[in-house]
Amino acid sequence: MRRTGTTRRGALTATGALALGAVLTSCGDDDKNQGRSGPVRTEAEAVRAEKALRTAAARTAALTLAHYDLAAEAHPALAEGLAPLRTAVREHTKALSAGAGKAAAFAPPAPGPVSADAKAAVKELAAAERRRADAHAEALLTAEPELARLLASVAAAAAVHAYLLTELAKETAS
């Protein structure tokens, strides 16, 4: 005799099919949201947000660049060793300033006095690079994909600079 009606196997199969259907329909990508969670931004809001992020990132890079200039001026013996890193920071500043508008063109205030000790000055530069890397990495959380890739690259470069400066500080005479 064959059973009629709902069986345990039939109920489980139907439940699994419903669950699979729910998962598949929720995986669709909304064009406006582009896979991001949170509120959907209008185009104008997205442009303003990107400009603000670029301005803040460019100012952070410009502040670090000013720190390099002060350290090289205070310790001419370090200038040659700092030159390639300084050049890279200058290029980062240019890249980040590209879409920031006029606000990023203004130079930030000087980072303050540089230590009279060359080794301490290099350690201060390493700390400035770590702060720059952290600031760019934090900005990644709200950046649009194209800017996020740039910020990630610049943050990685700043972290490498911090490492290289830490190693340079070990080799620098006090």
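The model is predicted, so local features need pLDDT of at least 70 and side-chain atom pairs count only at pLDDT 80 or more, while totals for chains, interfaces and linings use all residues. Residues are numbered from 1 along each chain as its sequence is written, and side-chain values use heavy atoms, with hydrogens and water left out.

Helix H4 covers residues 118–139 (helices are DSSP runs of H or I, at least four residues, numbered from the N terminus). Its 22 residues should span 32 Å at 1.5 Å a residue, and the 32 Å between its end C-alpha atoms agrees (the expected span is 1.5 Å times one less than the number of residues). Among the buried residues of H4 are Leu125, Glu129, Arg132 and His136 (buried means under 20% relative accessible area, exposed over 50%, partly exposed in between, with a 1.4 Å probe and protein chains only). Down the helix axis, the buried residues of H4 fall within an arc of 160°, so they line one face (the arc is that of the directions from the axis to the C-beta atoms). They pack against helices H2 (43–74), H3 (76–97) and H5 (contact means heavy atoms within 4.5 Å). Arg131, Asp134 and Glu138 are exposed on the face turned away from that buried side.

In the loop between H3 and H4 sits serine 115, which is buried at 18% relative accessible area. Beyond its neighbours within four places in sequence, serine 115 touches His75, Ala120, Ala121 and Glu124.

On helix H5 (residues 145–171), tyrosine 163 counts as exposed at 53% relative accessibility.

Definitions and conventions
Helix = DSSP H or I, 4+ residues; strand = E, 2+ residues; numbered from the N terminus.
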